[in-house]
Amino acid sequence: MRLDARSTCLADFARTADLLPGADLPWLARLRKDALDQFAQRGFPTRRDEDWKYTSVAALEQADVHVTAHGRAGSHAAAQVLANRCELAGDVGHVLVFHDGRYAPWLSAVGRLPSGARLASLADALEAAPEALQPYLVQETHASAFGALNAAFMADGAFLHLQRGTVLEAPVHLLFISTQPGCTHHVRNVIVAEAGAQATVIEHYAGVDGAAYFNNVVTRIVAAENAAITHHKLQQEGGGAFHVAGIEVAQQRDSRLASCSIAFGAALARTDIATAFEGRGCEASLDGLYLAGGTQHVDHHTRIDHRQPHGTSREHYRGVLGGEARAVFNGKVIVRPGAQKTDACQTNHNLLLSRDAEVDTKPELEIYADDVKCNHGATVGQLDEAQLFYLRSRGIDAVVARSLLVQAFAQDVIERIRVASLRTRLETILSGRLGELR
Amino acid sequence: MLKITNLQASVDQTPILRGLNLTVNPGEVHAIMGPNGSGKSTLAQVLAGRDNYEVTGGTVLFEGRDLLPLAPEERARAGIFLGFQYPVEIPGVSNVHLLKTAVNNVRKHRGLPELDAMDFLKLIKNKMALMEMREELLYRSVNEGFSGGEKKRNEVLQMALLEPKLAILDETDSGLDIDALQVVAQGVNALRSPERSMILVTHYQRLLDYVVPDYVHVLSRGRIVRSAGKELALELEERGYGWLDDAAPAERTPVRAGAR
């Protein structure tokens with residue numbers, strides 16, 4: 001982006017807008033232009049913005065990353081290697097792979113879908129049936145400058161639509177592979193579950209280490225009355241990558257959301273997850289695990305908006321930090337007037353393995369109703385010396401003992417995941433990474 | 001087996017052990033008794049290598065080798081076992097995982113092949129039966145939600161699996177009812193052998209009814225002030241520790257203990 005990152009984005013848009021999917025749709029062209037204007041006015045956030053107080057995107061602004069017209073894709077061989085490595089065994093039923101920002105049918109296996117379920121790439125869906133997508137893309141204002149930028153440039157992603165009562169038994173694996181440095185990808189996913197529908201979606205990002213690239217993701221989830229969506233995000237971007245993601249959920253009456261955000265990779269990663277209870281009796285669980293070493297920076301901002309009564313939310317985030325890594329957790333819970341009988345509970349526990357690692361954790365409760373149950377707790381600690389000594393006194397190496405304890409700490413989040421293959425994968429990644437985290 | 005000479009150790013600059021001497025020969029069982037704060041647990045922890053105790057003087061030889069520079073895990077592999085006064089809870093680490101990792105780590109360092117899951121389970125089920133432990137405790141997190149008695153049995157179970165040369169049991173009897181005490185004592189007695197030595201750190205004489213020691217030592221203010229045979233324990237039970245204050249001058253002449 002360099003020098004004036006904002007101008008670069010505007011220039012990128014002038015160069016590529018005509019080539020973006022759905023360019024011939026007037027409503028979409030207008031939406032993109034409005035979004036670009038919003039971005040142009042706002043520019044990138046700075047640390048003076050309360051929401052970005054602890055996360056600077058200066059490095060991203062200076063990085064040499066661009067949107068390219070047709071997605072400058074890296075080699076197929078590299079994509080194949082990465083896709084194989086990221087494959088989840090057994091219980092996953094539908095796999096959509098995106099290579100350097102674009103759908104790669106040759107790496108995908110959509111599988112058999114029940115009638116009432118539609119799973120396609122966003123670009124294909126915009127081509128085939130744009131009217132089905134339109135209601136979920138239209139958005140007057142954007143949560144952040146990155147959201148606006150994404151709306152202007154969104155090029156591909158997944159569109160999952162479940163009609164009333166449709167249940168997808170097997171999880172959907174959306175795999176976004178980045179092999180080409182220097183690229184910016186604006187990924188847009190849309191997941192819609194109509195009344196009583198159910199699905200589990202794993203949104204997975206992986207990339208090659210080395211030079212910078214940037215994934216800017218927006219995922220919109222709609223859970224209609226009594227629908228249930230399980231959403232796992234696994235972020236394993238390459239070491240030089242920038243990753244910004246916004247997951248925006250709208251929940252109708254009695255719907256359930258189970259979200260889990262796992263962040264392992266990238267130089268700088270920011271994930272915003274927001275859900276709004278638009279009907280009574282909604283449930284949401286937001287779990288998360290972040291692991292960072294070296295000079296990694298990982299930021300989670302969550303927001304649970306209890307707008308209606310009898311809503312339940314559970315939030316459980318854990319982080320492990322080594323080296324000079326830095327983590328940010330900000331968990332906002334809003335209980336609106338009238339959202340009585342709300343039951344909200346939030347925890348964030350952090351384990352610092354080194355003197356120079358740092359975490360800023362901030363629970364934010366805004367409660368405007370009086371008959372509610374809300375609590376929160378945040379801790380930042382180190383490995384327990386007594387536990388370490390106990391293990392070592394049984395003949396276990398100091399290094400192994402530390403790993404055991406860190407793994408146990410992280411396991412608390414992992415064991416909540418109901419997709420067995422994902423759980424196993426996470427355990428493997430975790431034990432592999434623990435050696436380098438200190 | 002173990003030769004402690006003039007051992008001095010402090011915690012946060014406060015001296016706790018002030019010139020302790022003790023010799024333990026193979027096969028011997030030594031009981032160390034004494035009032036609260038006399039340094040009993042400090043001795044146990046120092047021998048196991050806990051690093052928040054600073055050894056400020058003296059030597060400890062284990063099988064002729066200087067023990068003090070060794071890390072806790074090296075001491076464990078060399079054959080030292082500490083049964084904790086307060087066994088540590090480790091949420092998220094299953095008991096069976098700890099036991100298997102520990103046994104195989106120690107076996108590896110003794111040049112023995114690692115046990116596979118089947119052999120390990122067979123071995124552990126035998127030992128658990130001896131300790132009258134429910135199998136379910138294997139799959140729970142280490143000591144988490146265990147009753148006091150279950151925690152202590154778990155310590156003795158670990159000792160039985162690791163087969164140490166020198167076992168130091170730090171108040172393994174504290175807080176146990178008579179039934180649990182008997183089970184723990186039975187586990188300890190089953191491990192007595194002419195090659196294995198034990199140091200029983202205890203506050204109460206009662207344990208010594210079940211595990212009969214060869215020697216009893218009284219620790220006071222960081223030194224052993226009296227050593228005798230098992231009858232000393234009974235005397236302490238009757239007289240309490242109040243007499244130690246009167247006996248303070250005796251501290252000036254270190255008592256040679258455990259010589260055979």
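This is a predicted model: local features need pLDDT of at least 70, side-chain atom pairs count only at pLDDT 80 or more; totals for chains, interfaces and linings use all residues.
**Figure 1. Strand S7 of chain A and its parallel partners.** Strand S7 of chain A covers residues 198-207 and is mostly covered, with nine of its ten residues buried. Strand S5 of chain A, residues 172-178, runs parallel to S7(A) and is joined to it by seven bridges; within this pairing, A:Phe176 has A:Tyr205 of S7(A) as its bridge partner. As background, strands of a sheet pair through backbone hydrogen bonds, in either a parallel or an antiparallel manner.

**Figure 2. The contact between chain A and chain B.** On one side 16 residues of chain A, and on the other 21 residues of chain B, are in contact. Two helices of chain A, H8 (385-392) and H9 (398-414), each supply at least two residues of the side of chain A that touches chain B, and H9(A) gives the most to that side, with six residues. By residue class, the side of chain A that touches chain B divides into eight nonpolar, four polar and four charged residues.

**Figure 3. Helix H8 of chain A and its cover.** Six of the eight residues of H8(A) are buried, so that the helix is mostly covered under the criterion of 20 or more other C-beta atoms within 10 Å. The buried residues of H8(A) are A:Gln387, A:Leu388, A:Phe389, A:Tyr390, A:Leu391 and A:Arg392. What covers them includes elements of both chains, namely H9 of chain A together with helix H2 (72-78) and strand S7 (90-94) of chain B.

**Figure 4. The largest nonpolar core and B:Ile168.** The largest nonpolar core holds 209 residues, of which A:Leu160, A:Ala193, A:Phe242 and B:Ile168 touch the most other members. H9(A) contributes the largest share of this core, eight residues. When residues up to four places away in sequence are not counted, B:Ile168 touches B:Ala44, B:Leu47, B:Ala48, B:Phe81, B:Leu82, B:Gly83, B:Ile199 and B:Val201.

Figure 5. Six strands of chain B form an open sheet with mixed pairing, in the order S6-S9-S10-S3-S11-S12. Its edge strands, each pairing on one side only, are S6 (80-83) and S12 (223-228) of chain B, and the twist from one strand to the next averages 20°. Strand S11 of chain B, residues 215-220, runs antiparallel to S12(B) and is joined to it by five bridges; in this pairing B:His217 stands opposite B:Ser227 of S12(B). Helix H5 of chain B, residues 148-162, lies across S6 and strand S9 (166-170) of chain B, and runs at about 170° to S6(B).

Figure 6. B:Asn189 has its place in helix H6 of chain B, residues 178-190. Because B:Asn189 has 12 C-beta neighbours inside 10 Å, it counts as exposed. The C-alpha atoms of B:Asn189 and B:Tyr210 are separated by 8.3 Å, although these residues are 21 residues apart along the chain.

**Figure 7. The two chains as the setting for the close-up views.** Chain A has ten helices and 19 strands, whereas chain B has nine helices and twelve strands. The C-alpha atoms of chain A fill a box of roughly 70 × 50 × 45 Å along the principal axes, while the C-alpha trace of chain B spans about 60 × 40 × 35 Å. For the 438 residues of chain A, a compact globule would have a radius of gyration near 22 Å, and the value of 21 Å for chain A agrees with this; for the 260 residues of chain B the corresponding figure is near 18 Å, and chain B, with 18 Å, agrees as well. The residues that count as buried make up 54% of the 438 in chain A and 45% of the 260 in chain B. Among contacts in chain A between residues at least 6 apart in sequence, 83% join residues at least 24 apart; in chain B, residues 24 or more positions apart account for 74% of the contacts with a separation of 6 or more.

Key. Residues are numbered from 1 along each chain as its sequence is written. Chains are lettered from A and ligands numbered from 1 in the order in which they are written. Two residues are in contact if their C-beta atoms, placed from the backbone, lie within 7 Å. Helices (H or I, at least four residues) and strands (E, at least two) are DSSP runs, numbered from the N terminus. Ala, Val, Leu, Ile, Met, Phe, Trp, Tyr, Cys and Pro count as nonpolar, Asp, Glu, Lys and Arg as charged, and the others, Gly among them, as polar. A nonpolar core is a set of buried Ala, Val, Leu, Ile, Met, Phe, Trp, Tyr and Cys residues joined through C-beta atoms within 7 Å. Two strands pair if DSSP finds at least two bridges between them. The radius of gyration is taken over C-alpha atoms; the globule rule is 2.2 Å times the number of residues to the power 0.38. Axes are lines fitted to C-alpha atoms, for helices over the stretch in contact, and angles run from 0 to 180 degrees between N-to-C directions.
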